Amino acid sequence: MSTPGVATASLATCAAPGTSPYRVGRGSPVNDPRPGFTEAGRRRRRRRYLTVTTALALLVFCLWWVMVLYGSIWYSPAEVIAVMAGRDVPGASFAVGQLRLPRALLGLTAGLAFGMAGRTCQTMLRNQLASPDIIGITSGASMAAVFAIVVLGWSGLRVNLLALVCGLGTALVIYLLSGSGSTQGGRLILIGIGISAMFSSVISYLQLKASIYSVADAMRWLSGSLGDAGWAQVPVLGGAVVVLGGTLLALGRNLTALSLGEETATGLGVHVNRTRLVLLLSTVALAAFATAATGPISFVAFLAGPITARLVGRTDRALLAPSALMGAAIVLGADLAGQHLFPTALPVGVVTGIIGAPYLLLQLIRLNREGTSA
C-alpha cells in the first residue's frame with residue numbers, strides 16, 4: 001500500500017518488452033531514458049567512457065608530440081621522424097634523439113604507471129586519498145635513493161635499482177604489519193602514513209649530515225624530475241608498465257568487485273585475499289619502478305583517479321585505462337609547463353605539487369562537508 005504524497009513525487013518506470021524504460025514523474029521529461037543499471041544507462045555510460053578515454057589518448061599524444069618538437073630549437077615533424085628512423089639529421093640527432101625522446105618516453109611511461117597505481121590503490125582501499133605517495137609506499141624508495149646519493153656517493157642506474165628494491169621492501173613491511181581481515185585496508189593506510197613519517201625524518205637527518213653538493217643532487221631527485229632521463233631507464237620502466245599494468249587491467253573486474261566490499265566480492269566469486277595480494281604487489285611494484293626512474297613525482301597518483309572519475313561519472317568499471325592516460329597527461333603537461341612557462345625551469349614534481357596541494361585541500365573540505373571520513 002503506497003502513501004499518496006510519496007506516490008506523486010516518486011518516479012515510475014514504464015518498461016515495455018524490447019524497449020528502454022522511461023522516467024515518468026512530476027516535472028521530468030517523459031522521454032528521458034532513465035540512468036542506472038538499465039540498457040539505456042549502460043549504453044550512455046559506455047559512450048561517455050569511450051569518449052573520455054579517446055579524448056585523453058589524443059591529449060597525451062599531442063602533449064608527447066609537442067614535447068619532442070618544442071624546445072630551445074623547434075624541429076619540424078619531418079626532421080623528428082627522420083631521427084626516429086635512424087637517419088642522421090644535423091643538430092636534431094642529438095637534441096631529439098638523445099635528450100627529448102628519452103625524456104618524453106620516460107614522462108609518458110612514468111605518468112601511465114603513477115596514474116594506474118593510484119587508481120588501483122584508491123579503488124581497492126575504497127579511499128580517495130589512498131594513493132601510493134600519500135600513504136608512504138614510495139617513501140622507502142626515496143629514503144634509499146637519498147642514502148645512496150649522500151652516503152654511498154652513487155649516481156645513475158645504481159640509485160634507481162636500490163630505490164626499487166627498498167620501495168618493494170617497504171611495501172612488503174606495510175602489508176605484513178597491516179595483518180588481515182576486513183579492517184586491513186584502514187590499518188594499511190595508517191601504517192603507511194606512519195612509516196612515511198619515519199622515513200621523512202631519516203631523509204632530513206641524512207641531508208643535515210651530507211655535504212652541500214650531495215644535498216643538491218638528493219633534493220633534485222626528491223623533487224621528481226625528468227631532467228636526467230636517459231635511454232637506459234626507458235626499457236626498464238616500459239617493460240614494467242607492460243607487465244604490471246597488463247596484470248592490473250586483467251584483474252580490473254575483480255578490482256571492481258572489491259570496491260563493493262569483501263562480503264559482496266566473495267559472493268561474486270572473487271578470492272579476496274589472493275586478489276588483493278596480487279593487486280597490491282603489482283601496484284607497489286609499478287609505483288616503485290616509476291619512482292626509481294624519475295623520483296617521487298608528487299600528487300600524480302593522487303590526482304589522476306579522482307579527476308578521471310569526475311569526467312567519466314558513475315560507472316561500473318575500474319577506470320584503470322583512462323586513469324593511466326590522465327596520469328601521463330599530467331606528467332607531460334606539467335613537464336612542458338615547468339620547462340617553458342616559468343622564469344626558471346622547474347622540475348616536473350614541483351609543478352605537480354603546485355597543482356596537487358590545493359586539490360588535496362579541496363578534497364578534504366568536500367569530504368568534511370559531506371560528513372564522510374577520509
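## A first look at this chain

The chain's accessible surface comes to about 18500 Å², and 66% of that belongs to carbon and sulfur atoms (areas come from the Shrake-Rupley method with a 1.4 Å probe, and for residues only the protein chains shown count as cover). Keep in mind that this is a predicted model: local features need pLDDT of at least 70, side-chain atom pairs count only at pLDDT 80 or more, and totals for chains, interfaces and linings use all residues. Residues are numbered from 1 along each chain as its sequence is written, and side-chain values use heavy atoms, with hydrogens and water left out.

**Overall build**
- You'll find 15 helices and two strands in the chain (DSSP runs numbered from the N terminus: helices are H or I with at least four residues, strands are E with at least two).
- Of the 374 residues, 49% count as buried (under 20% relative accessible area; exposed is over 50%, partly exposed in between, with a 1.4 Å probe and protein chains only).

**The salt bridge**
- There's one salt bridge here (a side-chain nitrogen of Lys or Arg within 4 Å of a carboxyl oxygen of Asp or Glu).
- The side chains of D335 and R103 form that bridge, at 2.9 Å from N to O.
- D335 sits in helix α14 (residues 320–340) and R103 in helix α4 (residues 92–125), so the pair ties together parts 232 residues apart in sequence.
- Both D335 and R103 are buried.

**Cysteines**
- The structure has zero disulfides (pairs of cysteine sulfur atoms within 2.5 Å).
- C121 is buried, at a relative accessible area of 1%, while C166 is partly exposed, at 27%.
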